[in-house]
Every structure is written in C-alpha cells, then in structure tokens.
Amino acid sequence: MAQRQVIDARGAFCPGPLMELIAALKLANVGEEIEVLSSDHGSIKDIPEWVKKVGHEMVGIDQKEGYAAIIVKKAK
Amino acid sequence: MPKKILIVGGGLAGTIVGNGLCRKIGPELAKGEVVITMLGATDQHMYQPGLLYVPFGRIREPDLFRDQRKVLDRRVVFHVDPATKVDVAKQAVTTKSGRTFDYDYLVLATGSRTMPQNIPGMAEAAHWFYDLEPARKMRDALAKFEGGKVVINVNAPHKCPVAPLEITFMLYEFFESKGILDKVQLTYTYPIGRLHALEPVAHWALPEMERRGIKYETFFNTKSVDPKAKTITSEEGVTLPFDLLVTIPPHQGQQVIVDSDLGKGGWVPTNPKTLHREGSTNVFVVGDTTNIPISKAGSTAHFEADTLIDNLASLLTEGRWARDYDGKVYCFVETGLKTGTYVWFNYTTPPNPGPPSQMIHWFKLAYNRLYWLSARGLL
C-alpha cells in the first residue's frame, strides 16, 4: 500500500485544511489516502460534508489533543 | 574556493533573496569569498499583481515590466538559462543550454504556473488574467461584452488568494460604469463551503455580494467546461450556463521540480519555519514553490525571502542560524475600482480585515509602483 500523504494544516488560516485537501486529491491516484491535520474546529464538519458531496471516501477522524486527523481516500 | 549560492528562479522571491544577500554580505562578495548566481527563465521581470488591472485597461503594459538585469544587483551573476534538472544528491543544477552549476547553498524559487489545460474545455472557453496574453484577451472580451451571464470560477490551488474577490467586485463596477449592469448576472463559484478560504474575509464578502445581487455557488470544484454549450460543471454535480467565463485556473509548480523528483505537482516539501527542503540542510525553498499550507502570494514570497536572507547571511558570515519564518502574509484587497482594504496574518495570528477605504486603495495603487523597490530589496 502506498504511503499515506500527511498534510499538516494546523494553524493554517489560508488557504486552509479543506483547500489543501482538494489540491492534494487532484494530484493523488485513485485509492490513495490523505491525512489532513487540522486545528480548525470547522474541518471535522466541512471535510466530511464535502467528501460525501463529491463522492470520495471518509476513512476516519482521529480527535487528538488540540487538533483532528482527518483521513480521506480518493475514490474516483 | 568561494562559497557558491545558486538561486534557481528569477521571480520576486529569487530576486529579493539575491538583492538582499548582496546588501548583507557585500564585503564577502567583494573579497570573492562568496559568489551568487541566478538562473532565470527570462530577462524581463514582471509585476504579476498588476495583471489584475489589465482587463480594465487600468495599467500600462510597460509598467508591468523591468529589465531583470536592472532590477537585480549587479553583483549577482545572472543567466537567462532556466534549470531543467536539480540533483540535490550531487549538488548540481543542469540548465536548458546544457550547462551544469554546482553549489554550496541552493535556493529554489521557481514559482507556480496556471494550468487551465488540466480541466477539459477550460483553456478554450474561459478568460483569465493571471497571465499576460489571456489578460489581454479578457480585456478585448470585456470591451465587446454587452450583457449576459458572467461566471467567475475559482479553482484550487491558486496563487494570490484575494484576487478572485477583487476581480468580482471590479467586474461589477466595470459593468456599472459601462451602463450595462442591469443586463448582467454575476455568479461567483468557490471550491469550499464559503466565499473565501479566510473565514473573516468570507464573512465580509457575503453581505457585499448580496447587496450587489451577485449570486454564488460554494462547494464548486470544476470538473469540465463545455465551450459549445457554454456551460461549466462541478465535481459536486452543479452545471452553470455562461456567456462570459472568467476563471482563476488551478495552479501547479514548475516542471523542473517534477522532473527532478523534488515534489508532487511541482511543490517542494518544505519546513514551514526554517524553509529548508525536507531532507536537506543546504537547500532552501521560497515563494510559491514550497508546499507550506499558507497563501501563495507575493507577500509570502517577500517575507520568506527576508527570513532566508538573514539566515544565509548569518550562516555564511557567523556560522549560526538567525531566525525562523513566522508565516507572515499581507495582502491588499481591492473591494472595487475605488476602495480597498488589507488583511495580514501569520502562523499564530488570525486575519482580521478592516473596513474598506479609498486611502487603502490609493496605497495599493502606490504599491504597484513601490513594488520595484521591494524587488530591489529596499522596501
């Protein structure tokens, strides 16, 4: 299995975790996973909402101390 | 043997680094202890933010350009010979002409480029202002436009994060001054669930758009454009018709980065504080070329370059590290053709834009000229 790409977007105000994820997914192959680290509380709602809308796959959300690790798989 | 600093890229970031170093290590350069070399793609330096004004005929094209040799300190050895391969293991860079340059310290400042061709139909059907020739075409299209549906479409990733809002409000005032506003319907699309990546800017933009009657479509990531049917469709399943499509195309880093296996999409994995390429101690990355999750903007390049100048000068002359980059970004925001505001933030301070004013707009216009002092390392 390919190594999971990690985007550390903690404290990133612009373009922010979701925009970073969108950009990374464009460069990923189908089946690859991307883990976004976000300290923005909105990410745990925004990212799954967008992933569902577009048709990628949510692998999971790991709530850590002060941030969340959100894992998404490119599905198409 | 002199220490060799090689700067790959002659845009804003590389130019500020070259000029700033000359100011800091003048004696070492004079004694031949350090040599600075720059590899650029062109002998012309372009003021990229000025492209925003081209579609409206509000900047003279010659004002966008200076001779790079005049912008650059004469102590920097400048070659118009772009890099084609960077070998960090061998500490060598090969160029288009076939020459090879070795280095002790490498600065990667290759920047980013628009990639409308990555979206089917976009290059044929859309207008954009991030490159000169398309900005000229957009100016011609606006001159002929008599009304209809205008879609302003934003794609990720892109540089200059406030430019999409600026062009939207400027287009509104352009159509208003042309007397055709009642025949125009503007629709703005954005990749995430609000109108701008910066939350306070999105909050500010929402009522500004609503009071102007500008429609918006969030969670819109472009899948394709149909030039014949004149429609644009998103990955999220929304299709919008247009008579005039203005896009902020998706961006990528430069091909040399991809070809050198230095980073997916041309973005180099970079330490957000030290600006070292991940895995290297003598390779630094500045400007759009980094993969740091912050705005790709001229001001980011400028503040990163300032940090790098201090660190390289300190390493060369005292053998010590000077300071870390704090993530500072500062952007003017044109809120129309007559008013503007600004926003700044860093890794720990959130942005908080103030109310638009004519004074800030004038300052932005002044900065369009002051830029050349920034590039020379004077401002």
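**Domain and helix contacts in the predicted model**

In chain B, 11 residues of domain 1 are in contact with 17 residues of domain 2, contact meaning that C-beta atoms, placed from the backbone, lie within 7 Å. By class, the domain 1 side has 7 nonpolar, 2 polar and 2 charged residues. Ala, Val, Leu, Ile, Met, Phe, Trp, Tyr, Cys and Pro count as nonpolar, Asp, Glu, Lys and Arg as charged, and the others, Gly among them, as polar. Domain 1 of chain B spans 3-111 + 254-329, and domain 2 spans 115-250. These bounds come from an automatic or database domain assignment. The two domain centres, taken over C-alpha atoms, are separated by 32 Å.

The model is predicted: local features need pLDDT of at least 70, side-chain atom pairs count only at pLDDT 80 or more, and totals for chains, interfaces and linings use all residues. Residues are numbered from 1 along each chain as its sequence is written, while chains are lettered from A and ligands numbered from 1 in the order in which they are written.

Between the chains, the contact takes 24 residues from chain B and 20 from chain A. The chain B side divides into 16 nonpolar, 5 polar and 3 charged residues.

Within chain A, the axes of helix 1 (residues 17-27) and helix 2 (residues 43-54) come within 10 Å and cross at roughly 30°. Helix 1 of chain A is therefore roughly parallel to helix 2 of chain A (angles under 35 degrees). Helices are DSSP runs of H or I, at least four residues, numbered from the N terminus. Axes are lines fitted to C-alpha atoms over the stretch in contact, with angles from 0 to 180 degrees between N-to-C directions. A:P17, A:L18 and A:L21 in helix 1 meet A:S43, A:D46, A:I47 and A:W50 in helix 2. This helix contact has 5 nonpolar, 1 polar and 1 charged residues.

Definitions and conventions:
Helix = DSSP H or I, 4+ residues; strand = E, 2+ residues; numbered from the N terminus. Parallel < 35°, antiparallel > 145°, perpendicular 65-115°, else oblique. Contact = placed C-beta atoms within 7 Å.
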